[in-house]
Amino acid sequence: MTAAAPAAASRIAIITGASSGIGAATARQLAAAGYRVVLTARRKDRIEALAAEINDAGHQAAAYALDITDRAAVDEFATAFTTIGVLVNNAGGALGADPVATGDPAEWRQMYETNVIGTLNVTQALLPALTASGDGTVVVLSSTAGLSTYEGGAGYVAAKHAEHVLAETLRLEIVGTPVRVIEVAPGMVKTEEFALTRFGGDTEKAEKVYAGVAEPLSADDVADTITWAVTRPSHVNIDLLVVRPRAQASNTKVHREL
């Protein structure tokens with residue numbers, strides 16, 4: 001089955017958390033697939049540089065600095081769009097790896113605000129424009145952490161479980177409208193910032209996450225999966241797609257060549 005070109009009314013794709021990693025890779029790939037991409041993130045300099053790169057490559061991109069946990073800012077951003085075709089809820093992340101007994105409530109709260117409330121804010125604000133396009137797609141980038149737990153991950157796991165349920169429930173609630181809800185749940189992905197952010201900039205701890213794993217997923221691998229799902233014909237919905245590296249059988253079973 002070949003990729004479907006975006007229809008005229010649905011050529012705009014908005015990507016949150018587009019300043020690095022999976023978000024940036026997805027922006028590049030959707031732009032190459034024919035979408036006019038709108039890049040959002042808090043780091044304005046990064047998304048502006050990426051937009052310039054995409055435009056220089058002959059595609060179409062614009063940058064908009066946005067904190068998705070700021071509902072007033074999200075609502076203002078949404079007023080710029082009458083119709084959009086795709087929303088990729090990518091912004092999120094993990095903080096810490098402490099057990100429940102000693103986990104930092106502030107980190108739990110921040111993860112919930114970003115992964116869940118941020119996704120809710122943007123989806124609510126842009127759902128009318130997605131519907132108005134007549135062919136809208138909401139992508140929720142969750143995680144295998146949203147499907148099963150692991151020791152030291154309860155805060156992130158709880159947030160991603162909530163994000164998974166948000167996607168699943170939204171799909172039930174809007175069935176019959178011209179909007180699909182796609183969830184992509186990656187396993188181990190090695191990007192430049194995910195583990196480093198999780199461990200507060202501790203490079204040694206960050207590298208241990210991937211130690212001995214010959215080929216963890218890359219940001220491009222996940223972006224390719226997202227782009228494939230988005231470019232299926234309109235009547236085809238990829239409800240949930242779990243993607244892991246071959247070396248990872250589950251969240252707690254990873255083959256390491258040490």
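1. A salt bridge is counted here where a side-chain nitrogen of Lys or Arg comes within 4 Å of a carboxyl oxygen of Asp or Glu. With that criterion, a search of the whole structure, which is a predicted model, returns 8 salt bridges. As background, side chains of opposite charge can pair when their charged atoms come close.

2. The salt bridge between the side chains of Arg28 and Glu53 has an N to O distance of 2.7 Å. Arg28 belongs to helix α1 and Glu53 to helix α2 (residues 44-56), so this pair ties together parts that are 25 residues apart in sequence. As to accessibility, Arg28 is partly exposed, with a relative accessible area of 37%, and for Glu53, also partly exposed, the value is 37%.

3. Arg171 and Asp239 also meet through their side chains in a salt bridge, at 3.6 Å from N to O. Since Arg171 lies in helix α5 (residues 154-173) and Asp239 in the loop between α8 and β7, the pair ties together parts that are 68 residues apart in sequence. Arg171 is buried, at a relative accessible area of 19%, and I would note that this classification rests on a cut-off of under 20%. Asp239, by contrast, is partly exposed, with 39%.

4. Between Lys190 and Glu207 there is a salt bridge in which the closest N and O atoms are 3.7 Å apart. Lys190 sits in the loop between β6 and α6 (194-198) and Glu207 in helix α7 (residues 203-209), so that parts 17 residues apart in sequence are tied together by the pair. Lys190 is partly exposed, with a relative accessible area of 38%, and Glu207 is partly exposed as well, with 46%. Elsewhere, Arg43, Arg46 and Glu193 are linked in a network of salt bridges.

5. Leaving aside residues up to four places away in sequence, Asp220 touches Ala25 and Gln29. Asp220 and Ala25 are 195 residues apart in sequence, yet their C-alpha atoms are 5.6 Å apart in space.

6. Two packed helices are described by the angle between their axes and the distance between the axes. For helix α3 (residues 71-78) and helix α4 (residues 105-132), the angle is about 30° and the axes are 9 Å apart. Angles under 35 degrees count as roughly parallel, and α3 and α4 are therefore roughly parallel to each other. The crossing in which α3 passes α4 is right-handed. The contact is made by Arg71, Val74, Asp75, Phe77 and Ala78 on the side of α3, and by Asn121, Val122, Gln124, Ala125 and Leu126 on the side of α4.

Conventions:
Residues are numbered from 1 along each chain as its sequence is written. This is a predicted model: local features need pLDDT of at least 70, side-chain atom pairs count only at pLDDT 80 or more; totals for chains, interfaces and linings use all residues. Side-chain values use heavy atoms; hydrogens and water are left out. Contact means heavy atoms within 4.5 Å. Helices (H or I, at least four residues) and strands (E, at least two) are DSSP runs, numbered from the N terminus. Buried means under 20% relative accessible area, exposed over 50%, partly exposed in between (1.4 Å probe, protein chains only). Axes are lines fitted to C-alpha atoms, for helices over the stretch in contact, and angles run from 0 to 180 degrees between N-to-C directions. Angles under 35 degrees count as roughly parallel, over 145 as roughly antiparallel, 65 to 115 as roughly perpendicular and the rest as oblique. A crossing is left-handed if the near helix is turned anticlockwise from the far one by less than a right angle, and right-handed if clockwise.
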